[in-house]
Amino acid sequence: MKQLKGGSLIYSLMIFVIIGSLLGMIIFLNALQGSYSHQTLGPIWAKHNMESGVMSLLEAGFQENKTLQNQLFNDQSDSCLLKTERWGMYGLVHATGTHKNSVFSSSCLIGQLISDEKRYALQTKNQQSTISLAGQVSIQGKVFVPNSAFRAVSLPGISYQADLRQATVKPSSTFLNRPYWQNWEAIKQQLQELRTWQRNSSAYVLEHMIHQQAWRESPKVIQAASSLTIGDCALEGKILILADEIIVKANSQLKHCILMGRRIKIEDGFRGNLQAYALETIEIGTSVNLTYPSLLALLPDTPDPISFQLGQYTTIEGEVFISRNPFRTLPNRYDNCTISENSSLWGSVYCSQSLDFRGNMNGRLVTNDFIFHTPSRIYNHTLVNATFHENTLSKSFVGGMAYMKEPYQIVEWLEE
């Protein structure tokens with residue numbers, strides 16, 4: 001009998017040890033799982049808090065040079081820190097999200113969507129002269145032109161072959177949907193400062209330079225008081241290039257850089273994305289591919305003639321702005337603004353002058369008038385061999401912050 005009681009006691013102790021071990025293992029696994037969850041899910045929640053903070057900023061409206069701290073819960077375990085500035089015509093947001101001990105940081109470019117009421121294929125100013133069409137012209141979407149009509153013409157060697165079956169033609173007004181120029185003041189001021197530089201005759205060549213400037217640092221500035229040629233370079237990030245004349249070779253790689261000068265030339269075959277701002281001339285060669293988000297702006301400050309040239313088989317993904325001072329009336333006939341055959345634009349174009357347009361527009365084009373150059377004469381109010389398709393541009397397209405009362409949206413998240 002004593003033997004039996006002793007065996008029962010040992011058996012009970014064994015059961016107790018086994019149960020205790022199982023409970024200890026369960027507690028340990030729960031603690032391990034909590035630690036693992038924090039290590040894996042913590043950064044995900046921190047990233048979520050960062051993105052939520054940026055979206056709240058967009059809903060409230062972007063303002064530059066601001067620092068905002070958002071506490072998401074009462075215990076302050078989750079938060080988002082936002083710092084804003086401008087990068088050309090885009091907003092730049094540096095965001096940091098936290099979740100307990102986890103932190104996630106990134107930067108993004110901010111722009112504006114095209115609202116539905118301002119989505120159309122073409123708008124011209126009402127000059128009381130009906131626009132003439134010749135050659136192969138295709139228009140799809142809403143169109144605002146003088147007298148709510150087009151006129152068919154046959155030019156020497158060019159017959160009328162227009163397709164307007166999917167165009168909704170409406171009367172244009174005497175006012176164009178032009179940019180909100182107060183947003184451009186900082187850029188215009190920087191451009192005008194180039195006029196005060198003491199130019200020299202030396203030509204500088206920037207070669208074999210590889211540099212990536214972090215977005216949270218101050219811009220890296222490359223400048224020359226004369227002609228600057230960029231060849232066989234790889235430049236990315238927060239880089240500002242200033243020169244009297246800038247020439248970009250095809251073997252260069254530029255990403256998100258800003259170019260500012262009196263004259264800017266992109267040579268044949270170049271591929272990359274950039275923002276280019278010029279006072280007198282922008283010349284884009286043939287077979288150039290400016291990827292999204294790119295922006296070209298010709299912003300003259302004198303009555304001197306200007307030139308904007310876009311070569312054949314070139315693609316622009318982004319925006320083009322050609323504008324004299326909107327409060328000054330100057331003759332168009334000496335300006336040369338040409339978008340050549342077989343070129344493609346995806347985004348938005350604004351031109352305050354007369355535009356010789358022979359390319360393919362996917363999105364919205366706004367211009368004062370059309371003009372067609374031949375070796376023998378100039379045809380005013382004339383459009384030849386051009387395509388305007390509103391619906392081929394995605395409704396999620398985001399441009400620069402050039403207009404008023406357009407919704408803000410993220411252009412892209414940037415590599416830190």
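Guide: Helices and strands here are DSSP runs, numbered from the N terminus; a helix has at least four residues and a strand at least two. Keep in mind that this is a predicted model.

Start with the helix. H2 covers residues 185–194. Its buried residues are Ile187, Lys188, Leu191 and Leu194. Seen down the axis of H2, these buried residues fall within an arc of 105°, so they line one face of the helix. What covers them? The cover includes three strands: S14 (239–248), S15 (253–266) and S16 (271–284).

H2 also takes part in a pocket. H2, S15 and strand S2 (78–87) each supply at least two residues of the lining of the second largest pocket. That pocket holds about 300 Å³ of space. Its lining has 15 residues. Nearest its centre lie Arg86, Trp87, Gly88, Ala186 and Gln190. By class, the lining divides into 7 nonpolar, 4 polar and 4 charged residues.

Now step back along the chain to Trp184. Trp184 forms an aromatic pair with Phe321. The pair is edge-to-face, with 4.8 Å from centre to centre and 70° between the planes. Are the two partners buried or exposed? Both Trp184 and Phe321 are buried.

The structure holds 8 aromatic pairs. Another of interest is Phe357 with Phe388. Their ring centres are 5.1 Å apart and their planes stand at 25°, so this pair is stacked. Phe357 belongs to strand S21 (residues 344–357) and Phe388 to strand S25 (residues 387–389), so the pair ties together parts that are 31 residues apart in sequence. Phe357 is buried, and Phe388 is buried too.

Return to Trp184. Together with Phe321 and Tyr403, Trp184 forms one aromatic cluster. Tyr403 leads on to a cavity. Which residues line the largest cavity? Tyr403 is one of them, and the rest of the lining is Gln112, Leu113, Ile114, Glu319, Ser348, Arg364, Phe397, Gly399, Gly400 and Glu406. The lining residues divide into 4 nonpolar, 4 polar and 3 charged. The volume of this largest cavity is about 60 Å³. The count of cavities of 30 Å³ or more comes to 3.

A cis peptide bond joins Tyr292 and Pro293, with omega about 0°. Pro293 is found in strand S17 (residues 289–298).

Two loop residues have a positive phi. Ser148 is one, with phi near 50°, although Ser148 is not a glycine. Ser148 lies in the loop between strand S7 (138–145) and strand S8 (150–152). Its relative accessibility is 30%, so Ser148 counts as partly exposed. His208 is the other residue to look at, with a positive phi of about 55°. His208 sits in the loop between strand S10 (203–207) and strand S11 (210–213). At a relative accessible area of 57%, His208 is exposed. The cut-off for exposed is over 50%.

Terms used: Residues are numbered from 1 along each chain as its sequence is written. This is a predicted model: local features need pLDDT of at least 70, side-chain atom pairs count only at pLDDT 80 or more; totals for chains, interfaces and linings use all residues. Side-chain values use heavy atoms; hydrogens and water are left out. On a 1 Å grid over the protein atoms alone, a cavity is a set of points where a 1.4 Å probe fits but cannot get out, and a pocket is an open set with protein on both sides within 12 Å along at least five of seven lines; lining residues have an atom within 4 Å of a point. Grid points are joined across faces, edges and corners, and a volume is the space filled by probe spheres set on the points. Ala, Val, Leu, Ile, Met, Phe, Trp, Tyr, Cys and Pro count as nonpolar, Asp, Glu, Lys and Arg as charged, and the others, Gly among them, as polar. Buried means under 20% relative accessible area, exposed over 50%, partly exposed in between (1.4 Å probe, protein chains only). The arc is that of the directions from the helix axis to the C-beta atoms. Contact means heavy atoms within 4.5 Å. Rings of Phe, Tyr and Trp (its six-membered ring) pair if their centres lie within 6.5 Å; planes under 30 degrees apart count as stacked, over 60 as edge-to-face and the rest as tilted.
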